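Here is a short briefing on one structure.

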Amino acid sequence: MATAGDEERSLTTDLMLCSICLEQYKQPVSLPCSHSFCLTCLSTHIITACVNCDPPLGFPCPLCRKFIPAPGKFKEYSVDQWAKLFPENKFLASVAVGTKPIYCKPCQEDEGESKASSWCMDCSEVLCDDCVKYHKKFRPTRGHVIGSLNGCSANFCQPFVLDKCEAHDGRKLELICKEHISPCCSVCVIKEHVGCKRFCQLEDADENIVGPHNVKTLQADVKLLCSNLEQIITDEKNNMNCLDDASDAFAKELSEITTTIIDTVKRLEEKHLGEIAKLTKQSKSKLEESVHSVEHRVNYLQYWKERLFKNMSNETNLNTNTVLSFMKMKQIYENIRKLDYSKLKISIQTEIFDSVQKLTSLSCLAKTTSFEHQSPIDFDLRKLELKCADVINISEFTSPCSALYDGEFLSCDKLLLTDHKNRRCVMCDTEGEVLQEISLPGTPWGMCVRGENEVLVTLSDVHKVVVLDSNSLEIKQSLSVDCSCYGIATSGNTTVIGTRESIVMFQDLSDKNSCRTLSTEKENIDDVALDKDGNVIVSNYSEAIVKKLDKSGKMLFKYAHKELNKPFGLTVDGHGNIFVNGNDTNNIHIVSNDGKIIRILEGVQNPTCIKFLRGSYRFLVGEC
Ligand SMILES: [Zn+2]
Ligand SMILES: [Zn+2]
Ligand SMILES: [Zn+2]
Ligand SMILES: [Zn+2]
Ligand SMILES: [Zn+2]
Ligand SMILES: [Zn+2]
């Protein structure tokens with residue numbers, strides 16, 4: 001029967017054991033799933049669990065296998081730091097000395113000795129039942145989280161908190177930086193968001209920041225990403241099964257061919273042995289015949305030898321019998337001697353073919369190679385049903401530029417716009433508030449973002465392209481291009497520029513020699529765009545057409561529509577769909593990547609430029 005003493009022992013022994021090393025806890029830390037481990041045990045576990053994870057994002061609890069996300073911000077800490085960042089299990093730490101029964105701390109301080117039954121997380125103290133009652137009665141301690149010491153009481157669930165700043169000691173997150181769409185604590189505001197101007201209270205988050213549309217979109221995006229990732233897992237698992245199947249098939253094929261080879265060799269061996277036996281037999285019988293024929297003659301000679309020799313004598317007085325015998329013998333001898341004689345010799349040789357010899361020295365039966373292909377997958381853009389997708393006006397403002405011919409999204413929802421009339425570029429936020437501006441040595445027309453930190457701007461009158469730093473707006477480079485340049489687009493190293501006479505493509509914008517003319521007919525090109533495959537899409541405003549050319553300048557299609565006049569700005573989304581502004585027809589045509597109309601968006605007034613925020617379906621339209 002369990003006694004109170006047993007219970008204490010189990011409390012102080014079983015609970016004291018780390019389930020990894022099965023020894024008393026040393027610096028116990030607890031995970032959100034409520035399980036605790038020694039700091040070093042946990043750290044070793046984490047490092048092993050994350051070996052093949054790039055980037056490491058979390059690990060399974062060693063006990064319950066629940067996924068525990070890495071502490072801190074995304075990729076903030078290295079794997080070997082994680083364990084330290086989980087909270088110390090103060091209860092286990094406080095009782096991890098010795099195996100004596102646990103007594104209520106407050107009572108002990110009062111020199112009383114009552115057995116502890118509970119643990120207050122806030123005070124990090126063990127309490128007896130009475131002290132728990134007081135704890136719950138008094139206002140200052142009323143809200144404390146108290147857990148029972150029984151069962152797995154050593155492991156308290158940590159409450160899931162969202163409103164504490166992970167970077168700044170759990171300060172309350174109270175504000176939203178509208179420029180980073182990020183919650184901030186008071187320290188965040190003065191440290192990470194020094195330059196940011198637009199903040200609002202967390203409670204005042206508006207439709208632009210959250211709102212049902214954004215929530216719906218985010219949920220759909222997350223679900224889609226999950227299902228895309230699951231698809232990769234499914235595909236890779238199928239791949240594993242395919243490998244097993246292929247390996248089984250190969251084993252079967254190999255065993256079949258091996259069996260066939262062995263059978264064939266055995267059969268040939270038997271056949272060959274049969275042939276040898278037959279040949280031996282034939283040869284022997286030939287020799288036997290020959291022997292027989294010689295023996296025959298010997299027998300004949302023997303016969304007469306025995307008969308006649310004894311009648312012959314060397315004496316000089318010959319009798320007739322002797323004479324006749326001699327003559328007879330001589331006759332026989334002559335007859336036999338004159339016969340044809342030959343000595344038959346037969347030998348059998350076998351020669352094992354080289355190809356058979358080679359079989360014994362085979363080093364392998366087949367060649368095995370594996371082909372590996374890592375294909376990068378781009379989840380940047382959802383495949384939107386463009387035919388019916390909602391188009392929402394997120395923000396609309398009067399342009400700070402007097403002739404807005406082109407613009408781009410910079411980081412953090414900042415826009416950069418060209419002011420054609422005033423020879424400058426203006427950086428503003430998505431509500432039109434001017435943040436910065438730069439005057440230019442020419443009249444800006446087209447603009448495009450290059451890489452992470454650069455913007456290219458064409459100066460149509462001075463035949464130049466300037467490279468701006470997209471953070472400081474400083475001019476980093478000014479390149480002469482020998483033509484009046486208008487629309488510009490870039491992708492990788494390739495840059496394409498629309499001029500009034502032609503479309504030119506640079507393999508390297510800073511190298512004039514890398515310039516090729518894609519099309520020389522009298523073009524009235526306004527804007528240009530490059531799709532993922534390096535094809536060039538151009539708008540010709542005087543002919544009211546949009547054309548797509550491949551890298552060599554070959555035309556892939558021409559798009560025209562009675563409701564498209566003066567096509568000015570154009571851009572492509574991540575799937576190659578073309579968005580082109582009808583400046584005269586006050587609309588935006590969405591054209592598929594093979595030149596078919598998808599949809600016409602109305603509600604714009606003399607649209608000039610159109611640009612996407614990269615990796616999204618958010619776009620800006622300039623009107624002029
Ligand atoms: Zn341990
Ligand atoms: Zn666990
Ligand atoms: Zn007490
Ligand atoms: Zn307390
Ligand atoms: Zn903070
Ligand atoms: Zn900010």
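What is the geometry of the site of the zinc ion (ligand 5), given its four donor atoms? The site is tetrahedral, with angles of 105 to 120 degrees among the four donor atoms. This is a predicted model, where local features need pLDDT of at least 70, side-chain atom pairs count only at pLDDT 80 or more, and totals for chains, interfaces and linings use all residues. Residues are numbered from 1 along each chain as its sequence is written, chains are lettered from A and ligands numbered from 1 in the order written, and side-chain values use heavy atoms, without hydrogens and water.

**Zinc site**
- Cys165 (SG), His168 (ND1), Cys185 (SG) and Cys188 (SG) coordinate the zinc ion (ligand 5) at 2.0 to 2.3 Å.
- Donors are N, O and S atoms within 2.8 Å of the metal (3.2 Å for Na, K and Ca); water is not among the atoms, so sites may look incomplete.
- Four donors count as tetrahedral if all angles lie between 85 and 135 degrees.
- Along the chain, the donor spacing is C-x2-H-x16-C-x2-C.
- Histidine 168 sits in the loop between strand E7 (146-148) and strand E8 (175-177), and cysteine 188 in helix H8 (residues 186-191), so the pair ties together parts 20 residues apart in sequence.
- Helices (H or I, at least four residues) and strands (E, at least two) are DSSP runs, numbered from the N terminus.
- Histidine 168 and cysteine 188 are both buried (under 20% relative accessible area, 1.4 Å probe, protein chains only).

**Four-stranded sheet**
- An open sheet runs in the order E27-E28-E29-E30, with antiparallel pairing.
- Strands pair if DSSP finds at least two bridges between them.
- Strand E27 (567-572) and strand E30 (597-601) are the edges, each pairing on one side only.
- E27 and strand E28 (residues 578-582) pair over four bridges.
- Leucine 570 has valine 580 in E28 as its bridge partner.

Methods. Four donors count as tetrahedral if all angles lie between 85 and 135 degrees; four count as square planar and six as octahedral if opposite donors are over 155 degrees apart and all others between 65 and 115; anything else is irregular. Buried means under 20% relative accessible area, exposed over 50%, partly exposed in between (1.4 Å probe, protein chains only).
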